[in-house]
Amino acid sequence: MTTTDPHQAIDPVRAAAVIKSGVGRRGLLLAAAAMGAGSSLAAASVTPAAAHSRSRGDFYEGVLQPGKGRIRGDHYLPSRTPDVLWGYVPTVHATPVLSMRSGRTVTIDSVSHEGILEDQGRDPVSWLGGHGVRKRDVLTDAIDIAAHYRRTARNFDVDGPHVVTGPIRVEGAKPGDVLKVETLDLRARVPYGVVSSRHGKGALAITAAGTAPAGITIDEVMPPHDTDNRASGIPTEYHNVSVFTAVQGGHGVMRSGRRALRFPLNPFFGMLGVAFSEASGLTDASANSIPPTLGGGNIDIRHLGAGSTFYLPVFADGALFYVGDPHHAMGDGEVALTAMEGSLRGTFRLTVCRKGSGDAPSVAFRYPFAETSDAWIPIGLSDPDGSVGGQGSDLNIAMRRAVVNALDFLEHDKGLSRAVAYAYLSAAANFSVTQVVDRTTGVHGLIRKSDLR
C-alpha cells in the first residue's frame with residue numbers, strides 16, 4: 001500500500017482512489033477534502049474504555065454504506081468484492097489488501113453473509129425486501145458481493161458461509177509473536193439481522209446418516225427432519241429457516257405470530273483471526289471459514305465486543321489479520337447455528353507483542369486468549385489444529401484445554417501455585433460453552449480480575 005504526503009497538491013482523481021483503497025487516516029482526510037466531505041469522514045481516536053462505556057442506544061445511527069459516515073481509525077478497509085473471500089480465510093501465503101504499522105488503528109466495514117447466501121436466493125434486495133427492508137437500506141457492498149463474487153467458485157454445501165475481509169499485514173509481526181487485537185468501537189451498518197437454522201447443522205441437527213443425534217429423537221431434530229429437502233440440490237428449496245430480526249431501541253426484535261421477543265443487543269465479531277493454514281490454494285479444506293483454529297477465526301466468543309482485547313499467536317510474516325461473521329447478538333452456545341447476524345463497522349488497534357515483553361499473556365504465544373475490563377478469558381477448542389478429515393467436536397476436550405490454559409495463566413502470569421489455582425477455578429471461575437455449531441466446538445472461562453489483588 002502507498003501513503004499520501006500531506007504536503008502534496010491534492011488531485012481529486014487520486015483522492016477518490018485513496019478513499020476506495022482505504023489506505024489511512026491522512027490519505028482519507030486528503031481525499032475527503034478534495035471531495036468536499038471532510039467533516040463527515042474525519043477520523044477520531046477511540047479508547048477501549050470510552051468505547052466500552054458507550055450505551056447500546058447509539059449502536060445503530062443510520063445505514064453505513066461503504067465509506068459513508070464517520071471513519072474512526074487511522075486506516076479504512078471496505079469489503080470490496082475482488083478482495084474478500086467468501087467461505088474461506090486467508091492462508092499464510094495470502095496477499096495482504098492493506099498494510100499498517102503496529103499500534104495503529106483500522107476501521108473495517110464487514111458484510112454479513114445472511115441475506116446473500118444461496119439458500120436465500122443470493123439476492124439481498126429481493127430477500128430482505130420480502131421482510132420490509134427498503135432497497136436504500138440494503139448495503140451496496142452486500143449487493144455487489146452477492147451478484148459479482150468470482151474469486152472462488154461457490155459451493156453452498158461445502159464452503160463456509162462467511163464473507164471474510166482482509167488480510168491486513170501488520171509491519172514487523174513474525175511467527176512466534178502475538179497479535180494484540182483491541183476492539184475499540186462497533187457500529188451496526190444496518191437496522192436488522194438474521195438468525196438462521198439449516199438442515200444438518202446446529203445443536204439439534206440430523207446426522208449425515210439421516211438419524212437423530214445421541215440424546216434426542218428424530219422428532220426433536222431441528223429444523224424438522226420431514227422438511228429436509230437437501231436431496232434436491234437446489235439451495236432455495238432446502239427448506240432452511242431464517243428468522244428476520246429488527247434492531248429497535250437498542251434491542252433485537254423477533255416476531256412470532258402476535259408476540260414479540262425483545263432481547264438486548266451485544267455486538268461483536270464472531271470471526272477475528274490471523275493466517276494459520278499453510279495451504280497454497282484459496283479453497284483448501286484447512287482454510288474453510290467454519291471451524292476456529294489456533295489462529296482464531298470463527299471463535300464466536302460473545303464477550304469480544306467493544307472494550308475487549310483478543311490475543312492471537314502469529315504464524316505468518318505480517319500476521320495477516322482478518323475479520324468476518326459480524327454479530328448483533330448471540331447467546332452462549334449459538335445453538336440454532338447462527339447468532340443474530342448483521343453487518344458491522346468495527347475499529348481495531350493492532351499491536352505486535354514479542355515473547356518476553358510482558359505485553360501479552362504467556363498462554364497467548366501458543367493459544368488464543370482474551371480479556372475484558374473485568375475478566376480474563378482462557379479458551380479451549382475441541383480440535384484447534386484445523387484438521388481436514390472432519391473436525392472433532394468433543395466438548396470435554398475443549399473444556400479440559402480451557403481449564404489447562406487457565407491454570408497456565410494463573411501459575412505463570414499471576415504467580416499462583418497450580419493446586420491453589422485449580423481450587424480457585426472450581427470455587428469461583430465460570431466456564432461456558434462458547435458454541436457447538438462450528439465443527440470444532442469451544443469452551444471459554446471467565447476469571448474475574450477483581451478476585452486477584
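Me: How much space lies in the largest cavity?
Reply: This is a predicted model: local features need pLDDT of at least 70, side-chain atom pairs count only at pLDDT 80 or more, and totals for chains, interfaces and linings use all residues. Residues are numbered from 1 along each chain as its sequence is written, and side-chain values use heavy atoms, without hydrogens and water. A cavity is a set of points on a 1 Å grid over the protein atoms alone where a 1.4 Å probe fits but cannot get out. Taking volume as the space filled by probe spheres set on points joined across faces, edges and corners, the largest cavity holds about 130 Å³.

Me: Which strand gives the largest share of its lining?
Reply: Lining residues have an atom within 4 Å of a cavity point. The largest cavity has 17 of them, with Ser112, Glu114, Leu128, Tyr192 and Ser343 nearest its centre. Helix H5 (124-129) and strand S7 (192-197) each supply at least two (DSSP runs numbered from the N terminus: helices H or I, at least four residues; strands E, at least two). The largest share, three residues, comes from S7.

Me: How many charged residues line the largest cavity?
Reply: Asp, Glu, Lys and Arg count as charged; Ala, Val, Leu, Ile, Met, Phe, Trp, Tyr, Cys and Pro as nonpolar; the others, Gly among them, as polar. The lining has ten nonpolar and five polar residues. Its charged residues number two.

Me: Which strand gives the most to the lining of the second largest cavity?
Reply: This cavity has a volume of about 70 Å³. Its lining counts 13 residues, with Val89, Asn288, Pro291, Thr293 and Tyr322 nearest the centre. Five are nonpolar, eight polar and none charged. Three residues come from the top contributor, strand S12.

Technical notes:
On a 1 Å grid over the protein atoms alone, a cavity is a set of points where a 1.4 Å probe fits but cannot get out, and a pocket is an open set with protein on both sides within 12 Å along at least five of seven lines; lining residues have an atom within 4 Å of a point.
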